[in-house]
Amino acid sequence: MFKKLVVAGLMLTVMLSASACGKEPSGTSGTVVDTPVESSAEESQPTEETTGSQPMEEGTESLAGDASQPTEEAEEEAVYSYIFSEMPIAAYEVTGLEVGPDAEVYTENITMIDEDGEEYDMGVIPLVKLDPSNTFILFCIQGADEDYTSVATIHSPSGSDQWKAKVYTCMDCDTPEIEGYSCGYPALTQGSTYDEEKLEGKIVSFVDPWTEYLQFSEIYHPDAPQEDAIHIIEIVPFTYDENYDEADKVMAEMVCTFEKIGATNMQEIPVEEAMARCNVIVAEDGAN
């Protein structure tokens, strides 16, 4: 019985102490009086019966919203890999060619036979491997100059390393057919490499519909946690030739050239879809 009384007394002391912590004393002596405690208890009743708890819930939601906003912005910033200064005019899914920073290419010397029946060595032409299961996205950007470098720019987001690039070149290259690789007429080869700083975000590309010649760039971040390569080609209408004075006409010829070098399918897809799949955004002047 004595133990029960002691426990009851301790519990009463704790309860009174807890009530006192929730209210500042009215006097200067720091003594807690009974009246403020009772008043506090009375004031607390409407909170449960009325909407007194509603501001607390709204406040909680507001705080949660404020806390999540920077997270969403950080995630939004982290998801894109490239910033285009202009909206692409078209995008294609290209199937049948193996591309990418680590893609396999032909590394053997190519031997040809001349008109006199003599063999001569053409050296190594890094022909691209045919891969019917591989598909990549090709962005077409509008060009204004008949030049080998683009007018539009592509930049890396802030906090990211700058991208590097290599050029795929398709030309009339009279080489023997090599099984499993893109060659013959024409051949697809890997050309020079460059980086974001070298051309200030511009890419190397060109479409020549008369000679079925094209170049397109593959850009990528070497230090990215996973491969983020994208492929871009500039489409320049030729105003002096009505056959190719519009972008659509030049792109139609581009599709034919890709098919000749081994692409098994060229399907145009919505630009917005292509950008989302490749983590690309558009910002004026390629600014971060």
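Select glutamate 93 to start: with 16% relative accessibility, this residue counts as buried (under 20% relative accessible area; exposed is over 50%, partly exposed in between, with a 1.4 Å probe and protein chains only). You are looking at a predicted model, where local features need pLDDT of at least 70, side-chain atom pairs count only at pLDDT 80 or more, and totals for chains, interfaces and linings use all residues. Residues are numbered from 1 along each chain as its sequence is written, and side-chain values use heavy atoms, leaving out hydrogens and water.

Arginine 277 sits in helix 5 (residues 271-277) and glutamate 93 in strand 2 (residues 90-97), so the pair ties together parts 184 residues apart in sequence. Helices (H or I, at least four residues) and strands (E, at least two) are DSSP runs, numbered from the N terminus.

Now select glutamate 273. Arginine 277 forms a salt bridge with this residue too, at 3.1 Å between the closest N and O atoms. Both lie in helix 5, four residues apart, about one turn of the helix. Together, Glu93, Glu273 and Arg277 are linked in a network of salt bridges.

Move on to glutamate 218 and lysine 166, whose salt bridge has its closest N and O atoms 3.3 Å apart. The pair links strand 10 (residues 213-220) with strand 7 (residues 164-171), 52 residues apart. Is glutamate 218 buried or exposed? At 0% relative accessibility, glutamate 218 counts as buried.

Key:
A salt bridge is a side-chain nitrogen of Lys or Arg within 4 Å of a carboxyl oxygen of Asp or Glu.
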